[in-house]
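The exercises below are meant to be worked with the sequence and the model side by side. Try each task before reading its solution.

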Amino acid sequence: MKKNPFIVWFKDIKISNVPIVGGKNASLGEMFSKLVKKGINVPNGFAITADAYHYFLEQAGIQDRIKIILRDLNIKDIDNLYYRGHKVRELILNSDLPKNLEKEIIKAYKKLSRNYGAKLTDVAVRSSATAEDLADASFAGQQETFLNIKGEQKLLASCKECFASLFTNRAIVYRQTKKFDHFKVGLSIGVQKMVRSDLSSSGVMFSIDTETGFKNSVLINSIYGLGENIVQGKVTPDEFYVFKPTLKKGFPAILSKSMGNKNIKMVYTSNPNSPVKDIQVSESDRKKFSITDLEILNLARWAVQIEKHYKKPMDIEWAKDGKTNRLYVVQARPETVQSQKDTNMLEEFKLLENKKPIAVGASVGSKIGTGKTNIILNTSEIKKFKKGQILVTKMTDPDWVPIMKMASAIVADNGGRTCHAAIVSRELGIPCVVGAGDATKILKSGQPITVSCAQGEKGYIYNGILKFKIVRHNLAKMKKPKTKIMLNLGNPETAFARSFIPNDGVGLAREEFIINSYIKIHPLALINYDKLKKDKEFSASEIKQIEQITAGYKNKKQFFINKLSEGISIIAAAFHPKDVIVRLSDFKSNEYFNLIGGRLFEPEEENPMIGWRGASRYYSKDYKPAFELECQAIKRVRNLIGLKNIKVMIPFCRTVEEAKKVIGIMKKNGLKQKKNDFEIYMMCELPSNVILLEEFAKLFDGFSIGSNDLTQLTLGVDRDSQIVSHIYDERNAAVKTAIKTAIEKAKKAKRKIGICGQAPSDFLDFADFLVKCGIDSLSLNTDSVIKTTCEILKLEKKIKR
């Protein structure tokens, strides 16, 4: 590279050239020169250097005047900030570019156009500041980007707009916050061939989970049209998670797919003064995913390659060209939030009160914020915002950063996890709920509310100031006990976050939460949907619900298989390669009845607690087809996604004959015991299980004691009955004798045995008893892991003595 050039082509740029071409262009050049030959498509282009920017200021004689304007800058005073920012931008826009610089820009533009076989090609013009996209310093959209720019004069005008955007209000605040000198930061401009994603799709992806810092996943967001609508939060995108470890082994490892509303898309216009516009997306396209499974996997592989090249988690923008159907990477920068966190410090926010939420969206971060709302619908109202208030708006853009920094929480009607509001909130460490629907209409300015992002993927807004606490743990100081500490988990939304708690895997992964929250429909209603619809067995409201929930699935059975396997996959991936023991469905008939369509298939039982549940359902001719869907879901997780750390567990298995029947059905459905290390466990939760454990041990690879049902059935107490609840006690001598006997028999048969009931989570003395009995593992509720682990370490130390 020659000294102080004004133009540098991407092929000649390396990542070390940040001082010359800024972070964005340095990364584009690095990828173009190093990764294109490895199969990653990057559109060609050139950088107008920071030297060109400084030359422009010098030739126009405006640098000293800018210094005078900014001399009394006060970013805490919104009026002061806005006035001075506007004056600087106005000064730059009213100054002429030097003629020799204009000629070089036009010459490079013509060459790029010829490379793409056009007289005047369409380009994206992007700002690239020399202090942006560093590993620990990145705010979204500090400077401007201009899309679908065509023609010499339009390009020159866009370049001046980019130079002026170094002094947008948010860029000024950013530099002051990060303690960068305004005049030591330069601005480069990237001129890059446009990808015609206006005719197809585009989006962003991260090689790390943006909310938890889980490093083994790729998160991909996708919309129709140009990608600006994701960043601006105008559209809730489709969202996909891919598991990196099994993807690298060749598995099509898509963990989950969530469909966004995608109601509008940004496209080209023929108007030179307004080169892009938003149009409505058809109803049929909204109900489809905006990219195919093959494209999801291709993008995920690129994310893995880019991360490997840069040796750090990355934030990547991509686009699909609707003319060529080719995917491209158009930007890549270091991820600057989760990758910087100290994973040895575990911070948990916990609500201490239960209340029905008044609005729900997608959570950003894992904190809780409280305060009075201030509904701001456009930038003209920004000056009304006060420090400590909760910002409620439709969406944000970079001009909102000064007040976002002052907010105790943010709620936005629109947007997904990679929109501007989400990105900036994450960096600022502020709880934020995006895609909250009509929050701006539901809430009133001045209303006290609580914004909780501490309950998984969904963010909840509650009326009033609710009590909460913050618990901090230093995991670096924790030792590991000999007794395995596993987790009880049912909600996939919390799995990535819970994986950071010290653990030996998941001892109880419940299917019921996934079926209740993601599927919501009785499996037999899905299997028989077409017939029942034709015979008018369903009500109109049931048909409407089923059609809405299963949108995009013609095959309703496949919907059940996919959604159940997605939930299980997320949990299995979070703890991979540790064991994850999935308990097959253990709804009782009254609980199945409450699923959509359940009324058509479920009996009314006097005591469902000891009725048609667990193993007895699986081989019954009335339920077997539904159980076979469960088997297909487990098979999909293990064989398609490659998560071989999954084991399954049969609940409420009353007899040895029942066990043989269920194992036989699983084998017919491709789940053969021992094949590819596939193991089948049994819940030891009935007196018959303890009495005949030697016989059950001939069929099963391990056991997990279900102390809840074992207590109920040993003491003859209905655990749903309030009248006899005082008798129910896991620490009763009869129950403890049964548990001790089960452990001894399992040890003798050389089978693993753990416990997944509530008792060791609630009673430390009960955990002590289990360790003294020699139990292999305790599976605990996540909120009791730390205290129980500490207790077990003390006990093991005493036993050793």
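A polar contact is a pair of N or O atoms within 3.5 Å; within protein, one must be able to donate a hydrogen and the other to accept it, and residues adjacent in sequence count only if both atoms are side-chain atoms. This is a predicted model, in which local features need pLDDT of at least 70 and side-chain atom pairs count only at pLDDT 80 or more, while totals for chains, interfaces and linings use all residues. Residues are numbered from 1 along each chain as its sequence is written, and side-chain values use heavy atoms, with hydrogens and water left out.

**Exercise 1. Describe helix α28, from its cap to the residue that follows it.**

Solution. Helices here are DSSP runs (H or I, at least four residues), numbered from the N terminus. Next, take the buried residues (under 20% relative accessible area, with exposed meaning over 50% and partly exposed in between, for a 1.4 Å probe and protein chains only): in α28 they are Val735, Ala738, Ile739, Ala742, Ile743, Lys745 and Ala746. Because these residues cover an arc of only 170° around the axis, they lie on the same side of α28, the arc being that of the directions from the helix axis to the C-beta atoms. The face turned away from that buried side carries the exposed residues Ala733 and Lys748. Finally, α28 is followed by Lys750, whose phi is positive, near 60°.

**Exercise 2. Find which residues of α7 are buried, and what they pack against.**

Solution. Helix α7 spans residues 169-178 and is mostly covered, since seven of its ten residues are buried. These are Asn169, Arg170, Ala171, Ile172, Val173, Tyr174 and Arg175. They pack against α4 (78-93) and α12 (401-404), where contact means heavy atoms within 4.5 Å.

**Exercise 3. Classify the aromatic pair of Tyr553 and Phe559.**

Solution. Rings of Phe, Tyr and Trp (its six-membered ring) pair if their centres lie within 6.5 Å; planes under 30 degrees apart count as stacked, over 60 as edge-to-face and the rest as tilted. The structure holds 20 such aromatic pairs. In one of them, Tyr553 and Phe559 lie 5.4 Å apart, centre to centre, with 75° between the planes, and the pair is edge-to-face. Tyr553 is buried, with a relative accessible area of 16%, and Phe559 also counts as buried, at 1% relative accessibility.

Methods: Helix = DSSP H or I, 4+ residues; strand = E, 2+ residues; numbered from the N terminus.
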